[in-house]
Amino acid sequence: HIAKPVTLASVSSLKRNQTLRDTTLKGFGARRRGKTVTYFVQTRINRRLRWFTIGTHLSPWTPETARQRARDILHAAQKNIDLIAAEQGPHTALTIEQVFRNFFEDREPYFKASTFREFNRVAKRAILPHFKNKAFASITRQDVTAFHRSLKATPGAANHALAILKQVFNWADANGLCVDKKNPCLNIQMFKSPSKAKFL
């Protein structure tokens with residue numbers, strides 16, 4: 001981690017996997033993954049640490065515009081308001097793909113790189129193709145059970161995918177995306193699996 005003001009020069013000098021934390025606006029920063037630099041802001045809402053992705057450097061964000069966006073997010077957070085979620089409108093309109101994207105953006109900093117890649121892989125190969133663009137709030141226990149059973153030929157992979165989906169629903173509930181809705185992944189019986197299996 002590098003601590004210095006976020007400027008065009010400091011952002012341009014970032015090397016692969018380096019994170020720059022601004023010394024003038026607490027929580028604001030930038031990080032480079034490969035050739036891409038992304039601006040972020042980290043803060044607490046209702047005592048819970050949150051990480052928000054603002055956007056990509058020069059597409060269209062600059063240090064100045066990203067800093068102003070970070071200020072807006074931080075100002076809302078002081079009132080325990082998730083500005084990005086509020087701007088997205090009613091949560092019932094969110095698709096499962098949008099929720100997964102928000103989940104990955106929020107949780108990536110807390111995952112090991114290998115875990116993050118694995119979650120992405122299972123989501124793209126199994127979970128999202130099955131549910132497609134289904135509204136997240138409309139997914140029922142019956143839907144999840146049908147998904148789990150559709151993978152019964154690979155029980156270990158089926159259980160792994162179910163565990164990931166359950167974690168996403170837990171995250172969504174903690175972030176107010178599951179209004180008056182229980183996690184539909186609860187109490188679904190896992191398949192017996194003699195050994196660990198990766199999703200192919």
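Two exercises with worked solutions follow, on a predicted model.

Residues are numbered from 1 along each chain as its sequence is written. Local features need pLDDT of at least 70, side-chain atom pairs count only at pLDDT 80 or more, totals for chains, interfaces and linings use all residues, and side-chain values use heavy atoms, without hydrogens and water.

**Exercise 1.** Determine which residue forms a salt bridge with D106, and whether D106 is buried or exposed.

Solution. 
- Step 1: D106 is found in helix α4, residues 96-107; helices are DSSP runs of H or I with at least four residues, and strands are runs of E with at least two.
- Step 2: apply the salt-bridge rule, a side-chain nitrogen of Lys or Arg within 4 Å of a carboxyl oxygen of Asp or Glu. D106 pairs with R50, with the closest N and O atoms 3.6 Å apart.
- Step 3: locate the partner. R50 lies in strand β5 (residues 48-57), 56 residues apart from D106.
- Step 4: check accessibility. D106 has a relative accessible area of 3% and is buried (under 20%; exposed is over 50%, partly exposed in between, with a 1.4 Å probe and protein chains only). R50, at 7%, is buried as well.

**Exercise 2.** Find which residues of α6 meet α7, and classify the contact.

Solution. 
- Step 1: list contacts, meaning heavy atoms within 4.5 Å. V144, F147 and H148 in α6 meet A158, N159, A161, L162 and L165 in α7.
- Step 2: sort by class. The contact has six nonpolar, two polar and no charged residues, where Ala, Val, Leu, Ile, Met, Phe, Trp, Tyr, Cys and Pro count as nonpolar, Asp, Glu, Lys and Arg as charged, and the others, Gly among them, as polar.
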